[in-house]
Each structure stands twice: as structure tokens, then as C-alpha cells.
Amino acid sequence: MSLARVWVQCRKELLQFRRDRLTVALAFGLPLGMLLIFGLAIRLEIKDIPIAVQDLDRTPLSREFVSRLSATQELRVTALPAAARPMEPLDAGSARATIVIPPGTARLVQRGLTAPLGVLIDSTDVVNAMTIREAIRSTAQFFDMTLVPRDEFVPRVAADVRIWFNPGRREALNIVPGVYAVVLAMYPALLAAMAMVRESERGTIVQAYASRLSAAELLAGKSAAFLLVGLGQVLVVMGLGSLIWQLWFVADPTLMLVATPLFVLDSVLFGLLVGASTRSVSAAVQGVGSINAFFNILLTGFLYPLGNMPYALQLLSTIVPARYFIEVSRDAFVRGAGWPGFGYAPFAMAAIGAVYFALAWLRLRRMQFAA
Amino acid sequence: MLSRFGALLRKEFAELARNRQLLFLLLIPPLVQTVLFGVALKPIVKELSLAVADESKTLASRDLIAAFAANGVFVPRYVDSGPAVGRAVRAGHTDAGMVIPPEFTRDVQRGRTAEVQIVLDGVNAYVAGQGAGYTAGIVDAYDRAAAGATLPGVDPQITFAYNPGLISSWFFVPGIIGGLIVLTGIIAASAEAVREKDEGTLEQLLMTPASSWEILIAKIVPLFVMFLGSLCLGLTVAKLVFGLPLLGNIPLFLTISSVYILSGLGVGILIATYANTRQQVILISIFVALPLMLLSGAFAPIESMPPFFQYLTLLNPLRHYITIMRAMLLKGVGWQVVWPDAMAIVAFAVIAIAVSGARYRSQLS
């Protein structure tokens, strides 16, 4: 392999890239846009869920309970008239749950019995439904504790719960490092794929075949070029991310510094593989886009933890570089465990990258041009 | 005029049918993705790993650990000592940790409240929040069971409406189907509309006696038919694989879906009037379609977004379509409930097609 030829190929790619102004703008604008949207808008935890309460008891006790419900962060209470059907607000979409406090509730409680409340929860949104259930349950639990005199009921256990690394429970600390992974998996791959497929679409690949450039040199040159572009994207995206959300290395940054270029390289090699395997730009983009969307958003623990998925899919995630990078990224900016915790990541990513390179090389090696 | 239009239509259909690779990519991956996303997206947190240091080792402490392990919420793993728990959490090897001090048994026997320490890995704030909630619920239930006699108080009897099994795919699949339609619709329509500019055959198009409206509609119709078919196919597959309910007024739903598809195609054509090559058009399409998909309530709830973004989503036809989809298919409600969202989609479609049509015409003449 001649390094000089690789370098020439790399320079040619960069020149070609620079000339298409729109692509350059989008190569940096798109990742930034994605970062901003995800970082600013996407949150999983919900507050102020509208619920309807139908108080048919109308005693000081029931009113006290309703005011406790209003006092929770998660719920926003509106009163439902006694004549209305409990399912009405759910059907209309104006409330996510209806609580019916039946008449005689206060009397039951005062006699030392349990008083059932009717609760209907709209479970089309499964996560919302769980949040609402927990909020109602915990409000009821705390409310019940106040009804009992202190000396009559001593809890056997009290749990002192601490949340480490992120006591403020900032979701951005989880989402933004994850966005780094999604963005760096998608855009370098897209650019590389388009560059690769353009060669075969336009027929310029024949010149490469006819030259002394070997398939490996061609791939190495293109990878180097788009790795450089990708590192530029890294600087822009992570730079902005650290500014807006004050994300900085918590402890030893070396794992992240090693993992990042490896990950970008994996992304570029994947793009080159797809580009070498498809014949039109739209097909290449759809291929990179849909495979990326599925593998990198789902099989990486980006939105929901990996452990939630069926085991077969968890196994599948072991061949996705982004899964390792997300772990390293989140750890580097929040927990700080570093090499002892996630040192296996760069090796896994390097192995996957080698496989991509080998597959792309096998496709290009034959140097046959399908007209 | 009709035969002219018919000829154009035949040509567009034929071209679409000939592009096997594109057809495949527009039909199969969305279907596969719908199924895979539906299978893989499981937001309900469970099986959190819990590193336990039981320094008390009695029946009472084991009871407590068993309470945490019940229902698969936490998965306990025993470690030697309290500091070992801290090390495991700090190394990222466990989601949570619990330390039961040696005084636990003594306190329980003396009727005092025994303290245990719970540590949660806060890297994922959502998971940590759920873990904290579960902990509070488990400890409270444990305390009540230990107290023996029933305590007075209110007892919420919870019923889940519409989706009693809490099947997460029922929530995500409508969003995914709608999102993929808008994503692939915009990309396909924009690639289609820019084709002549990209290939350099614009002159041929200018020379045809067909009016620019006829040309445009002829381009839209095959894509429209394909996406409507894709939608029906997707819903059928979702019903077979996930048991997705298909309640409500189906003809009304398909009508609204048709308008929605048209709005997506309209946006695609609009994008094509702003670019010259297929590559540019695809990048812009992704730039437009991704925010539409993300800010739509498909994956993350709109209610948890900052107010600015919540208002912004009102301009997103996908947001309205997902609301309608969930309301009509899962709840079975009708026009009285969904008409505001439906009218929003209609307005969007009309504007998109009118503006893109006007621009396309002026570029063609």
C-alpha cells in the first residue's frame, strides 16, 4: 500500500467535498440541528399531566386528598362534574386519567377501613400511564400516612435514596451524549456513502479501477478524508453541546479521546460499504438512513435502556459500534468510570471497523463496473 | 386533455415500477422497521441490576431483598461489603445499589425504623427517576405488610383504559408508521420532482403540451397510491404482529390519511423546487423530515417539551396525524374529537401543494 497514493485520494475527496457548498453546509448544519432538537426538546419525564377528578364525597377529607393531588409535580387536576361519565375526558383527550372519589369515602376512613377510589388511566401512552399510576399511588400512600397517629404505625424500614452523578436528574446529561453517538453514526456515514456511490453512478469509478490505485488504497484514502470531515463535525457538535449543557469531562478523558475517532471511522467505513454496494444515490441514502435509524436509535440504549429489549435484540446490539460509543460518551461526561469500566469499547469498535473495511474491500477488489 | 394526462400517468407509473430498487426500499424497510421498532421500543423500566451488600444477613433483611426482586423490577446481585456497592456503581457496573447495615436486625427487633441505603446510577435520569419511584413503592408495601393489621386510608383501584395490557408497541407503531410515511414520502416526492432538473431532461418536460399541473399531478399519483398501500400494509402487519386495535371509523381514517400523505408529498415537491440535484434534495429532505419526526410525539411525549417546542409542533402535520391515529385506532373516537387535528392536516396539505405547485409551474415556464 502506497501512502502517497492514499494521501492523493484523500486530498481529492476533500477538494470535491469542499466544492459542493450545499453539502458542506448540510454536513455541519444537519448534525447541529439534530443536536439542538434532541437536546432541547426531547424529554421523557412528564410534568403537569391533566387529570380529571370527580369528587362525589365532598368532605374535608376528600378535598384534602384532591389538593394533595394538585400539589404533585406530575399531575394537573381539573374538576369533573358529578353528572359526567368518567370516560368522557379520556375519550375527548382532555385528561389522561379520571379519579372518582365515591360518596362515603370519608366515613369509611374515619371508621378505620380502606376506602376504594375509582381510577381510570388512559394507557394509550404506556409511559404516561405508569407515571400517572405511580403519582396517584404515592400521593395516596403519603396521604394515608398522615391519617394515622404517629405512635400507632412505625414503618419497619426507611430507605435513604441517593442518586449519584446527577442528583438534579438532568435528562440532558443522558440524552446529549447519546445524541453525539447518533449524529456521529449518521452523518459521516451519509457523506461517505454518497461520495462512494456517486463514483459508480457517474462512472468515475472506472478511472480509479484503471489507475494504479488498489482497492485498499482507494478505501483508505476516502476513509481518511471523511474521517477528517467527521472530526470537524465532532468539534462542532461536541463543542456546542458542552457550551449549551455544560457537559465536560468528569474524570479521565483519554478513553473518550480514543473512542471518538475510532467511532467516526466506523461510521465512515459503514458508509463506504453501503455506497460500494448500491447503485443509486437514493438507494444509498435510504440504506444508510434506515439502517442507521434502526440500529443506532434502537439497539444502542439511546432512548430506553438496552436491558428493556428482548434478549435477541440485545445480542444484536453487540455488533453496533454506537452501542459502545454511547456507553463511553455517557460515562465520560457524567459518571467518569473510564478505562476500568468501559475499556473494552475501543477494541470492539476497532474489530467492527475492520470487518466493514474487509467487506467493502471485497466488493471493490474485483474492479468490475456494472454499466 | 384527459388522454394527455392519462399518457403522462402511465409513463410515471411505468417509471416507478421499473425502479425496482427504489420500490423495494420504499416498501420493505418501513415495514421491517415498523415491526422491529415495535418489538424493541420498551420504555417500561424493569430488571434494574441491584448490587446488594447485606451486612445483617437475617430473615428480615432477606425478606426486604426479596421484596425488591419481586416482579422482576430489580435483579439483586450480592457483593461483599458496603464499599463494594459504591465501587460497583462508580464503575458503571450496576444500575442501583443497596446497603443493609448490621444494625438492621437490631432495629427491627426493637421496633425502631431501620434505615437502608439505596444508591441509583443517575447517568440516565429517566431510569433513575423510575428506580426511585419503584423503591418508594416497594418499601411502602413492605412496611404495610410488616405492620400486619390493615391501615385505614384511600386505596386507588387502578384500571387501564384502551390498552389494559400496557403494550408499548400500540403507542409507538402509529407514530412510526406515520413518521416513516412522511420521511419516505418527502424523500421520494422530492427525488421524483427534481429528476428532470437532475438528469438534464428539463427541456423535454418543457416541450410537452401537457400543462404543468398535469405533469405535477401525474408525478404525485403513483407515489400517493404506493404510500396509501404501504399504510394499509403497515397497519395490517401491525394488527397481525402486535394485535394493534383498528377501532373507529376506518373510511374516515383512510380519508384523513390520504390528505396526510398528500401533505407529505407536497412538502417533498416544495423542496425539489429549491434544489437542483438529487443529492441536495435528499439532504434537505432529511433535514426537514427528521425534526418533523422527532417533534411529533412519536417517540417522546409532546407534553414534556419546553413550551416553545410544544407550540412549534402545532405546525407539524405528523403531530396531528399521530394524535388522530392514536385516538381513532386505539380509542375508537370519531370526527367530533379529531376534527381540529384533521383540519390542521387539511390546511397544511392545501398550502403545501398550492405553494409547491405554483413554484413548480413558474420554474417550468
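The model is predicted; local features need pLDDT of at least 70, side-chain atom pairs count only at pLDDT 80 or more, and totals for chains, interfaces and linings use all residues. Residues are numbered from 1 along each chain as its sequence is written, and chains are lettered from A in the order in which they are written.

Chain B has 15 helices and 5 strands (DSSP runs numbered from the N terminus; helices are H or I, at least four residues, and strands E, at least two). The radius of gyration of chain B, taken over C-alpha atoms, is 28 Å.

Helix α11 (residues 250–272) and helix α15 (residues 335–364) of chain B pack with axes 8 Å apart, at an angle of about 30°. Axes are lines fitted to C-alpha atoms over the stretch in contact, and angles run from 0 to 180 degrees between N-to-C directions. The angle therefore makes α11(B) roughly parallel to α15(B) (under 35 degrees). The contact (C-beta atoms, placed from the backbone, within 7 Å) involves residues including B:L252, B:I256 and B:V259 of α11(B) and B:W335, B:F348 and B:R359 of α15(B).

Key
Angles under 35 degrees count as roughly parallel, over 145 as roughly antiparallel, 65 to 115 as roughly perpendicular and the rest as oblique. Two residues are in contact if their C-beta atoms, placed from the backbone, lie within 7 Å. The radius of gyration is taken over C-alpha atoms; the globule rule is 2.2 Å times the number of residues to the power 0.38.
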